[in-house]
Amino acid sequence: MKRAPFSLYVHIPYCIQKCPYCDFNTYAVARVPQQEYMRSAFAELDYYAVQPEWKLRPLHTVYFGGGTPSLIEPKYYLQFFKLLKERFEISSNAEITLEANPGMLDREILDGFLEAGFNRLSLGSQSFQPETLEKLGRVHTPDQIHFSVEQARIAGFDNISLDLIFGVPEQTQENLRDDITSAIALGPEHISAYSLTYEKGTPFYKAKAQGVLRALPDDVVGDMMEELIERLTASGFVQYEISNFAQKGKESKHNTAYWKRSDYLGLGAGAHSYFRSSVDSALRWSNYALPVEYMNQATALGSALSWSDVLKPEDLLFEFFFLGLRNLEGVSLRDFKKEFSLDPLERYGPTIENLKEAGLLKVKSDKIALSPEGVLVADSVIEQFAA
Ligand code: SF4
């Protein structure tokens, strides 16, 4: 019997400079240790290819995220995909994404990425306003976003995603309107739009706490999100997840796999993995976060495991809603019953009823999903299922 497919994530933890709002596991470096780092990823690949959890399973998505994966030269990716194909079967319609930053993409490098095996490009464009980009500490210009997309199209990328950030201090509704217009005009297949958050430990968090940076009021950010949803859906994008919009059929398969709680293997510094071992148990683990420590462990042992966790049945029940409701199609209560052999209404009936009455959840036959009002306060709606 054919084994279930899985997803592969590879983390590249290097950036040219660290953006002041970013709390990802990334490090600004003058020189990326490409060879050493990719050698560690190869070692991990070899290690996991023979582990019973992953052995002989087909891959249906591969995602290089970061950090700035486009800092790694295409020749290393060529090597990586060669090894990957020797160890795993890659599904014929697999989605293979590279996160890239505008400003470092020319035709030659894009040709190289395409030739290596990538078929989807996710561009960290963030904004088309020079002042917003500057505030965010980004190193690219609006013109470079246009240039990157144009060059990627000429190279042959037919699946491009753009990132937008809204709710940036001093950003106006008018600025955001321009960003949306510019993004749509570039004709991407996919747009991810996130509101700026102030994560502990970041310079933005500190500046906000000290009153140096004034966050936009919640109602202004809420209005921005509403406008974004309205404009993008009116332009033919489907909002399939709280922060993600796609042309029909171009929804990110990789992210959808996370929201559907499929197994994924993470390689690279600080990368997480998830493996559902049985109906009521799953394993989650993480690699060492510091690149040097990660590289030392991976090259010496094959695995760079830093910690692992066994998810309890309680955690799995919550994840069903926590991840499933992010998908705007919602979750099926029949699927819940089938998966956990529990009646969801016995446990969550009052929660569902209250949220439905408040207009935050839609209930249709056995499906529940966030309503348009619920999407705007998604985190607080989903949290209700934790109790
Ligand atoms: S480029 Fe992206 S990953 Fe790197 S620091 Fe900026 S936001 Fe973080």
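Reader: How many salt bridges does the structure hold?

Author: A salt bridge is a side-chain nitrogen of Lys or Arg within 4 Å of a carboxyl oxygen of Asp or Glu. This predicted structure holds 18 salt bridges. In one of them, Asp 263 pairs with Arg 57, with 3.0 Å between the closest N and O atoms. The pair links distant parts of the chain, 206 residues apart: Asp 263 lies in the loop between α9 (253-259) and β11 (264-268), Arg 57 in the loop between α1 (34-49) and β4. Helices (H or I, at least four residues) and strands (E, at least two) are DSSP runs, numbered from the N terminus.

Reader: What limits apply to a predicted model?

Author: In this predicted model, local features need pLDDT of at least 70 and side-chain atom pairs pLDDT 80 or more, while totals for chains, interfaces and linings use all residues. Residues are numbered from 1 along each chain as its sequence is written, and side-chain values use heavy atoms, without hydrogens and water.

Reader: Which residues surround the ligand?

Author: A residue is near a molecule if one of its heavy atoms lies within 4 Å of it. Those surrounding the ligand include Cys 15, Lys 18, Tyr 21, Gly 66, Gly 67 and Arg 138.

Reader: Which peptide bond is cis?

Author: Most peptide bonds are trans, and most residues other than glycine have a negative phi. Here a cis bond joins Gly 66 and Gly 67, with omega about 15°. Gly 67 sits in the loop between β4 (59-66) and α2 (74-87).

Reader: Where is Glu 170 found?

Author: Glu 170 is in the loop between β7 (160-166) and α6 (173-185). Its phi is positive, near 75°.
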